[in-house]
Amino acid sequence: MDVTPGELAERAAKLDALNPLAHTRDRFLIPPDLVYLDGNSLGVLPAAVPAALEDAVRRQWGRGLISSWFDEGWWDAPLRIGDRIGALLGAAPGQVVTGDSTSVQLFNTLTAAARLRPDRRVLLTDPGHFPTDAYLTDSVAQLLGLEVRRVPASQVGAALGEYGRDVCVLSYPAVDYRTGELWDLSAVTRAAHEAGAVTVWDLCHAAGAVPLALDETGVDFAVGCTYKYLSGGPGSPAYVYIARRHHADVRHPLTGWHGHADPFAMQDAYTAAEGISRARIGCPPMLSLLALEAALTAFDGVDLRELRSAGLSLTSFFIEACDLLLAGRGFEVATPRAASRRGSQVALRHRDAARLVPELARRRIVGDKREPDILRFGFNALYNTHADALAAVNALRELTIAVTA
Ligand SMILES: Cc1ncc(COP(=O)(O)O)c(C=O)c1O
Ligand SMILES: Nc1c(O)cccc1C(=O)C[C@H](N)C(=O)O
């Protein structure tokens, strides 16, 4: 090892001191002495949330009661908060709506997307997609009489060349939940369009960590959760993006009354609302939605390019520290080393992953384990530090034995 742990600690301190986003850490209530590297599963509580929830419960609900639906802007909250999220996704206003879970949004969106190409029979998806995406893709295919083919994003071009004219939808994650690999949304979307198909992207592991340019990239549909890098809280509502050019044609299977053109006319038959409102379903979980709105203020004034470079600085430093301090201890970096191919997490493979993750937690360092042998460390540049990264690597060094000298 050319660099000593002491020198790495100095580097971490310097990098943290130079971080232009250092001030945003104060926007979160991080438990003292905790190194939290699991914000890619459940983000830390933003400082603005408790008071916003208190107000939502005691004043808006407690005193305003039913009048709050309109007097406090509850009815428009899914659209208002959708636009705030849209700004983080590179989407112009009026194309994102919040509500329901990612799973529900996936079902609604995949079905609506496939219906745009009724003469085609193949749904293309990632063999390593998150389980809920895999299960729902299969369900939608079953319901619509389609066939699912599982092709890695890196091989989509070849697959489309072979049978692309029969593909209706490509359903892919922007960032792989296990390895943290960032896919090329632009290249996959372009290839899909050349073959006449549409894309449904799952942004769960990208939104709020990686700058996205949905409008510019020509993405058709996207869904994502808000409890990871957006720190909306456990079970906070998901969102869906539908490019404006599809609004008039899109037909959802979940035709709830909030998506009706005139909800309070209480008509017998469904008529879809204009614009993104047609992606609304039923009554949204308002308290969670208002907590999410407060949580998103943690992004106020944050330049997303700066956030991305701070995130890459953290993951690059973590990988470098792993290379230096964990050599010969049975670890393998499963995340791409090229910054352009990396989201904001680093995954390490180790055959003792199941032992190491709880051992880390006992030392107040939280990451998580994914099957079969992956240790995941998520870095939210709004609150994580290089010192956090080094603490995790130092602990892993203490918990393992070097096999080679
Ligand atoms: C890529 C991805 N999609 C979807 C989900 C979850 O969906 P839901 O919010 O419906 O539980 C997760 C995480 O739980 C995920 O990582
Ligand atoms: N949504 C979760 C939950 O309800 C319980 C525990 C974990 C989660 C997660 O978010 C897991 C996460 N999507 C993953 O990437 O594995």
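The model is predicted: local features need pLDDT of at least 70, side-chain atom pairs count only at pLDDT 80 or more, and totals for chains, interfaces and linings use all residues. Residues are numbered from 1 along each chain as its sequence is written, while chains are lettered from A and ligands numbered from 1 in the order in which they are written.

Contact joins 22 residues of domain 1 to 15 residues of domain 2. Two residues count as in contact if their C-beta atoms, placed from the backbone, lie within 7 Å. On the side of domain 1 that touches domain 2, H11 and strand S10 (345–349) each supply at least two residues. Helices (H or I, at least four residues) and strands (E, at least two) are DSSP runs, numbered from the N terminus. H11 gives the largest share of this side, four residues. By class, the residues of this side are nine nonpolar, seven polar and six charged. Here Ala, Val, Leu, Ile, Met, Phe, Trp, Tyr, Cys and Pro count as nonpolar, Asp, Glu, Lys and Arg as charged, and the others, Gly among them, as polar.

The largest nonpolar core holds 122 residues. Such a core is a set of buried Ala, Val, Leu, Ile, Met, Phe, Trp, Tyr and Cys residues joined through C-beta atoms within 7 Å. Leu89, Val169, Leu203, Tyr241, Phe318, Ala392 and Val393 touch the most other members. Helix H11 (residues 304–325) contributes the largest share of this core, nine residues. Domain 1 and domain 2 both give residues to this core, so it lies between them. Leaving aside residues up to four places away in sequence, Ala392 touches Val35, Leu37, Leu360, Ile365, Gly367 and Phe377.

Strand S3 (residues 122–125) points Val122 and Leu124 one way and Leu123 and Thr125 the other, and all are buried. A buried residue has 20 or more other C-beta atoms within 10 Å of its own, an exposed one 12 or fewer, and a partly exposed one a count in between, with C-beta atoms placed from the backbone. S3 pairs in the parallel sense with strand S4 (residues 147–150) over four bridges; strands pair if DSSP finds at least two bridges between them. Thr125 has Arg150 of S4 as its bridge partner. From S3 the chain crosses through helix H6 (residues 131–144) to S4 in a right-handed β-α-β crossover. Right-handed means that, with the strands pointing away from the viewer, the path from the first strand over the helix to the second runs clockwise. S3 also runs parallel to strand S5 (residues 167–173), joined by four bridges. There, Val122 has Val167 as its bridge partner.

Technical notes
Domains from an automatic or database assignment.
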